[in-house]
Amino acid sequence: MFRCLVTLLAAAALQAQTTQGIITGRVLDSRTGGALSGAFVRYRNSHTGENGVAVADSLGRYSIPSLPPGPYAIRAEQREYQPREMQALELHVAARLEIDFSLRPLRDALE
């Protein structure tokens, strides 16, 4: 009976393992530190071309789950702000990358 239970628990643990990773973070205003709700965070796997977009919530948080490992480029953009992009970010097997963006208002470029 005990051996059967151990086998079942081991099988369940193996099924729960994944190679997928996650990229999360926040998008903030560089001047105030305030959250940029509704900012778009675009991602692209440089090897496979897989891409998509996440939208920051009211606290500026975004989450891109279930990503295969590999190199990624991530770009945050919000209307009336200068976009920021990071490239060559390596997402490892079952890893979590925390990438925060601080966006400058467009008017900063004009001053």
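D29 is buried (under 20% relative accessible area, with exposed meaning over 50% and partly exposed in between; 1.4 Å probe, protein chains only), yet this residue takes part in no salt bridge. A salt bridge is here a side-chain nitrogen of Lys or Arg within 4 Å of a carboxyl oxygen of Asp or Glu. The nearest side chain of opposite charge to D29 is that of R107, 5.5 Å away; Lys and Arg count as positive and Asp and Glu as negative, while His and the chain ends are not counted. The structure is a predicted model, in which local features need pLDDT of at least 70 and side-chain atom pairs count only at pLDDT 80 or more, whereas totals for chains, interfaces and linings use all residues. Residues are numbered from 1 along each chain as its sequence is written, and side-chain values use heavy atoms, with hydrogens and water left out.

D29 belongs to strand β1 (residues 21-29). Helices (H or I, at least four residues) and strands (E, at least two) are DSSP runs, numbered from the N terminus. The side chain of D29 makes a polar contact of 2.6 Å with the side chain of Y81. A polar contact is a pair of N or O atoms within 3.5 Å; within protein, one must be able to donate a hydrogen and the other to accept it, and residues adjacent in sequence count only if both atoms are side-chain atoms. A polar atom of the D29 side chain also lies 2.7 Å from the backbone nitrogen of R31. With neighbours within four places in sequence set aside, D29 is in contact (heavy atoms within 4.5 Å) with G34, L36, Y81, S102, L103 and P105.

R31 is partly exposed, at 48% relative accessible area, whereas D108 is buried, at 12%.

The chain as a whole contains 2 helices and 8 strands, arranged along the sequence as α-β-β-β-β-β-β-β-β-α. Of its 111 residues, 32% count as buried. Among contacts between residues at least 6 apart in sequence, 59% join residues at least 24 apart.

An open sheet is formed by 4 strands in the order β3-β2-β5-β6, with antiparallel pairing; two strands pair if DSSP finds at least two bridges between them. β3 (51-55) and β6 are at the edges with a single partner strand each, so one side of each has no neighbour in the sheet. Neighbouring strands are turned by 20° against each other on average, direction ignored; axes are lines fitted to C-alpha atoms, for helices over the stretch in contact, and angles run from 0 to 180 degrees between N-to-C directions.

Within this sheet, 7 of the 8 residues of strand β5 (residues 70-77) are buried. Strand β2 (residues 40-45) pairs with β5 in the antiparallel sense over 6 bridges, and R44 stands opposite A73. Strand β6 (residues 84-91) is likewise antiparallel to β5 and joined to it by 6 bridges. In that pairing, A76 is the bridge partner of R84 and I74 that of M86. β5 and β6 form a hairpin with 6 residues between them, and E80 in the turn has a positive phi of about 70°.

The count of salt bridges comes to 8. R75 and E85 form one of these, with the closest N and O atoms 3.4 Å apart; the pair links R75 in β5 to E85 in β6, 10 residues apart. Both R42 and E77 are linked with R75 and E85 in a network of salt bridges. R75 is partly exposed, at 30% relative accessibility. A further salt bridge joins the side chains of R61 and D57 at 2.9 Å, N to O.

Positive phi values also occur at two alanines. A88, in strand β6, has a phi of about 60° and is exposed, at 69% relative accessibility. A94, in the loop between β6 and β7, has a phi near 55° and is partly exposed, at 47%.

I99 lies in the loop between β7 (96-98) and β8 (101-103) and is buried, at 9% relative accessibility. Its C-alpha atom is separated by 7.1 Å from that of I23, 76 residues apart along the chain. Not counting residues up to four places away in sequence, I99 touches I23, T24, G25, R26, Y62, M86 and L89.
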